[in-house]
Amino acid sequence: MLTLDGISVAYGAVEVLHGVSLRVEAGELVCLLGANGAGKSTTVRAISGLLRPTAGRISFLGERLDGRPAHAVLERGIAQCPEGRRIFPEMNVLENLEMGAYVRGGQGARPEDLERVFHHFPRLKERLGQLGGTLSGGEQQMLAIARALMSRPRFLMLDEPSLGIMPRLVDSILEALAQIHRAEGLAMFLVEQNVPAALDLATRGYVLQTGRVVLEGSSRELLDSELVRKAYLGI
Ligand SMILES: Nc1ncnc2c1ncn2[C@@H]1O[C@H](COP(=O)(O)OP(=O)(O)O)[C@@H](O)[C@H]1O
Ligand SMILES: [Mg+2]
């Protein structure tokens, strides 16, 4: 479904991704693991069209994606939930969700789409009129995911959804993602530093170190690997 083939990305003269290759097939939940600064967010931003690779190729459903503007990528059905959950703080929950639907170019939020996100995140339904900026970190993350779902994506990228969130809410967010994946078969690309949680959710994954994929495999293989055990699980 999505293929990255030898992608390099630079900020100015500094190259931070050096020939990254990975793929996500339809219906898969694939994770990208790596320490701070490894290049995970850069990879996500390259896919979503916010950064232009200096080398390599990105394709989605057989169509070349790199070099296209971010709105064109979104229109193809690739939604992202960016790091740091950038919701609109001055808009209430419903208005944030409507913004998600708007990017689809449609007629606002459809009732069935709202029902779908409330089913996965009942807390949002209870807080429809509350301003985004006054939600807790975990609730903002739920809203960011829900907003991305409102665009009816074919492919959802999540950049560290568990970062800086209370453990109790992390579980319910990850459980909601698992449920969405199970129930709808939505293909997802999950970027995480929370390695045990990510490998629990994903079927397959990649490990990124200083801009290079150093390991890939099934979640089981990664969990059993020396590299992941030593570097990310501390065992
Ligand atoms: N806007 C930017 N300008 C310059 N360098 C950046 C920028 N964003 C990230 N970097 C650098 O690129 C590297 C990868 O960053 P990033 O993709 O954010 O890593 P991760 O998401 O894995 O923590 C880091 O060395 C970081 O300092
Ligand atoms: Mg990041």
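Is Ser8 buried or exposed, and what is its relative accessible area? Ser8 is buried, at a relative accessible area of 8%, where buried means under 20%, exposed over 50% and partly exposed in between, with a 1.4 Å probe and protein chains only.

Before going on, some ground rules. This is a predicted model, in which local features need pLDDT of at least 70 and side-chain atom pairs count only at pLDDT 80 or more, while totals for chains, interfaces and linings use all residues. Residues are numbered from 1 along each chain as its sequence is written, chains are lettered from A and ligands numbered from 1 in the order in which they are written, and side-chain values use heavy atoms, with hydrogens and water left out.

Back to Ser8. Ser8 sits in strand E1, residues 2-11; helices (H or I, at least four residues) and strands (E, at least two) are DSSP runs numbered from the N terminus. Leaving aside neighbours within four places in sequence, Ser8 is in contact with residues including Glu15, His18, Pro53 and Ala55, contact being heavy atoms within 4.5 Å.

Next, the metal. The magnesium ion, ligand 2, is coordinated by Ser41 (OG) and Glu83 (OE) at 2.0 Å. Donors are N, O and S atoms within 2.8 Å of the metal (3.2 Å for Na, K and Ca), and water is not among the atoms, so sites may look incomplete. Ser41 belongs to helix H1 (residues 40-47), and Glu83 to the loop between strand E6 (78-81) and H3, 42 residues apart. Ser41 is buried at 14%, whereas Glu83 is partly exposed at 31%.

Now the helices. The buried residues of H4 (111-120), among them Leu114, Val117 and Phe118, pack against H3 (93-102), H5 (122-126), H6 (137-150) and H7 (167-184).

Take H4 and H6. Their axes come within 10 Å and cross at roughly 150 degrees; axes are lines fitted to C-alpha atoms, for helices over the stretch in contact, and angles run from 0 to 180 degrees between N-to-C directions. H4 and H6 are therefore roughly antiparallel, since angles over 145 degrees count as that, under 35 as roughly parallel, 65 to 115 as roughly perpendicular and the rest as oblique. Here Asp113, Leu114, Arg116 and Val117 in H4 meet Ala146, Leu149 and Met150 in H6.

Last, H6 and H7. This pair packs at about 15 degrees, with axes 9 Å apart, and H6 and H7 are therefore roughly parallel. Among the residues meeting there are Met142 and Ile145 in H6 and Ile173 and Leu177 in H7.
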